[in-house]
Amino acid sequence: MSEQQFFKVTIDNITVEVPAGTTVLMAARMIGGDVTPPAMCFYSKLQGSGGKCRTCLVEVSKGSEKDPRPMPKLVASCRTTVMDGMEVKNITSEKVVDARAGVTEFLLLNHPLDCPICDQAGECHLQDLGYEHGKAGTRYEFSRRTFDKEDIGPYIQLHMTRCILCYRCTYVASQLTDNRVHGVLDRGDHAEISTYISKAIDNDFSGNMIDVCPVGALTDKTFRFKNRVWFTKPVEAHRDCDKCCGKVTLWNRGDEVLRVTARKDEWGEVKSYDGKTGWICNTCRFDKKDLKDWTIEGPSRIARHSVISANHYLDTVKPKETIQEVMGGRQPKLLMDIHKVSDVNDPSVDLSRIAGPATGATFEKKNS
Ligand code: SF4
Ligand code: FES
């Protein structure tokens, strides 16, 4: 058996040794942090993914030890393999930063910018990209694209206007389910994700499309409009499942399980266990919304820099309560209990058990 060859590659002045055949993006992930380019279409667990969105562009300032000429154009790091002695610039290259801002502007051209009502807000890679590279205004003068509404089944909500055509969901359908019924139809600015003649996506593993979608184009119908993700508390949990690994993240509000997802790593990808990707089945994702169904392991570590990590602190010491001390031992007076004043978000309404999104009527009904 031939020996594994290793190549040295330097990315943003940090050198790392990686097996031959590794892409620049995966080499950068080994270094981690800001050196790693964003990736909206590449997904290391989905064969053939990458090369579509151009967010991962980098500058190769030295091709290799043998041929040190720089590459004439920026290259997609998810599709470019490292050469020995290669030097790459990501955030240290003005050209890259400028190109990424251009790609972001392009991805947002037709986007509805509806983050305030989008369930993906807080864990959306396009939102992160927009914050980092987006501009406050737009140069686009035309009407944004619209699509006829398409029902793709009982569990997954499709918002085509948010789709960036990364193709990840189609790879999930091809590689995880045995019967792909959806895909990218048409071409150019008519291209859209759709199912063939109103077929529903009902395969046991179809819910994983929600987890791989980098934007809010595919969201969980059972969680839709139930809560903002940063108000929920993610905990790691597992159950014995005969279809999947059963290792999930529960997104809870108090004792309610509002949403179940696969566990994600710091790149937003589904984690692997013993070399196998931890995809979860639809039963675990959509039907097990009771804490009793799960064995809780503990709070999730939110490694990403996004707003989703707001209020989620681990390994921290709660500061000492000093209010009583400064008030000479007196308890602070509660001026108002919000639940006595307003019925909205009444904690006794179990959001995970009502069909569809919660509206004012949900809370009024309870009181009538
Ligand atoms: S629906 Fe989501 S996962 Fe599918 S192509 Fe569009 S953005 Fe990508
Ligand atoms: S992540 Fe490389 S082109 Fe999309």
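A: The account below takes the cavities one after the other, together with the ligand.

The model is a predicted one, and it holds two cavities of 30 Å³ or more. The largest cavity has a volume of about 90 Å³. Its lining consists of 15 residues, and those nearest its centre are Cys163, Cys166, Cys169, Ile193 and Cys213. Sorted by class, this lining comprises 14 nonpolar residues, no polar residues and one charged residue.

The largest cavity is also the space taken by ligand 1. Around ligand 1 lie residues Cys163, Ile164, Leu165, Cys166, Tyr167 and Cys169, together with Ile193, Cys213, Pro214, Val215, Ala217 and Leu218. With a cut-off of 4 Å for a heavy atom of the residue, this shell has 12 nonpolar residues, and neither polar nor charged residues are found in it. Cysteine counts as nonpolar in this classification, so Cys163, Cys166, Cys169 and Cys213, which are among the residues around ligand 1, fall within that class.

The second largest cavity has a volume of about 30 Å³. Ile117, Cys118 and Asp119 contribute to its lining, as do His159, Arg162, Thr219, Arg224 and Phe225. By class, the lining of this second cavity has three nonpolar, two polar and three charged residues, whereas the lining of the largest cavity has no polar residues and one charged residue.

Technical notes. Residues numbered from 1 in each chain as written. Chains lettered and ligands numbered in written order. Predicted model: local features only at pLDDT ≥ 70, side-chain atom pairs only at ≥ 80, totals over all residues. Heavy atoms only, no water. 1 Å grid on protein atoms, 1.4 Å probe; cavity = no way out; pocket = protein on both sides within 12 Å on 5 of 7 lines; lining within 4 Å. Points joined across faces, edges and corners; volume = space filled by probe spheres on them. Sits in = over half its atoms within 2 Å of the grid points.
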